[in-house]
Amino acid sequence: MRNLGNIFLYNNNSANRTFYHQELKKMGYFLFDTDNLHKFTLYHKEITPNIMLFDFAAQTPLEYITSLENKFERSTIPSIIVCEAPKALIYHPCISHYLTHSEAQKQLEEILETYCVGNKKHDILYINLKPYERSDFSKSVAESPYSMFEVHTINAAQQYMQKNNPTVICVNFLPALNKSQKLFSFPKTFYVDNTQNIKEVEQFLH
């Protein structure tokens with residue numbers, strides 16, 4: 001079986017270890033799994049991961065989670081945090097995706113395949129740089145027939161655009177709009193506010 005991509009997992013949550021080893025390896029990913037931060041950092045320097053995945057047990061102190069975020073904040077590799085902590089308490093501008101453990105079971109396969117394999121044609125790439133706010137826009141898309149891939153960093157959007165082709169790009173932070181338009185040279189790139197809904201861009205999806 002060919003290797004679809006390298007997944008580096010920092011995992012202090014033993015409850016999910018079987019899920020990762022059985023599911024990710026079965027899909028065809030190389031998985032490096034450790035709860036040793038020194039090992040994680042060393043391997044990160046030796047082998048370039050496609051995704052950095054951090055799974056934290058429920059009792060992990062918030063201060064510890066944010067300290068790891070700070071350690072890898074200069075990385076351009078998409079990073080996913082899986083934990084039960086509210087986004088507002090662990091928000092960091094380097095994190096690409098925040099998932100609860102139940103969300104990870106449903107969404108992780110799609111996220112990994114999007115970055116590592118690509119060829120996805122989502123209706124919307126949503127660059128949500130305010131994940132700590134309630135997003136009526138995300139909710140309205142979820143209730144619509146349209147597909148959406150949501151990221152929380154420009155770096156993750158860049159990785160996405162290397163292998164995928166959305167119909168529109170939406171950005172919810174005005175200072176990032178011009179940057180995104182120049183970076184991707186993508187004609188259908190729009191600003192949306194978190195309080196807006198899918199109706200604002202629906203005409204551009206056809």
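Predicted model: local features only at pLDDT ≥ 70, side-chain atom pairs only at ≥ 80, totals over all residues.
Local features need pLDDT of at least 70 and side-chain atom pairs count only at pLDDT 80 or more, while totals for chains, interfaces and linings use all residues. Residues are numbered from 1 along each chain as its sequence is written, and side-chain values use heavy atoms, with hydrogens and water left out.

Inside, the structure holds one cavity of 30 Å³ or more; a cavity is a set of points, on a 1 Å grid over the protein atoms alone, where a 1.4 Å probe fits but cannot get out. The space in the largest cavity is about 70 Å³, a volume being the space filled by probe spheres set on the points. The largest cavity is lined by 13 residues, and the closest to its centre are Phe 54, Glu 69, Phe 72, Ser 79 and Ile 95; lining residues have an atom within 4 Å of a point. Helix H3 gives the largest share of this lining, three residues (helices are DSSP runs of H or I with at least four residues, strands runs of E with at least two).

Asn 119 sits in the loop between helix H5 (101-116) and strand S6 (124-127) and is exposed, at 66% relative accessible area. Ser 185, in the loop between helix H8 (174-184) and strand S9 (189-191), also has a positive phi, near 45 degrees. Ser 185 is exposed because its relative accessible area is 61%, and exposed means over 50%, with buried under 20% and partly exposed in between (1.4 Å probe, protein chains only).

Definitions and conventions:
1 Å grid on protein atoms, 1.4 Å probe; cavity = no way out; pocket = protein on both sides within 12 Å on 5 of 7 lines; lining within 4 Å.
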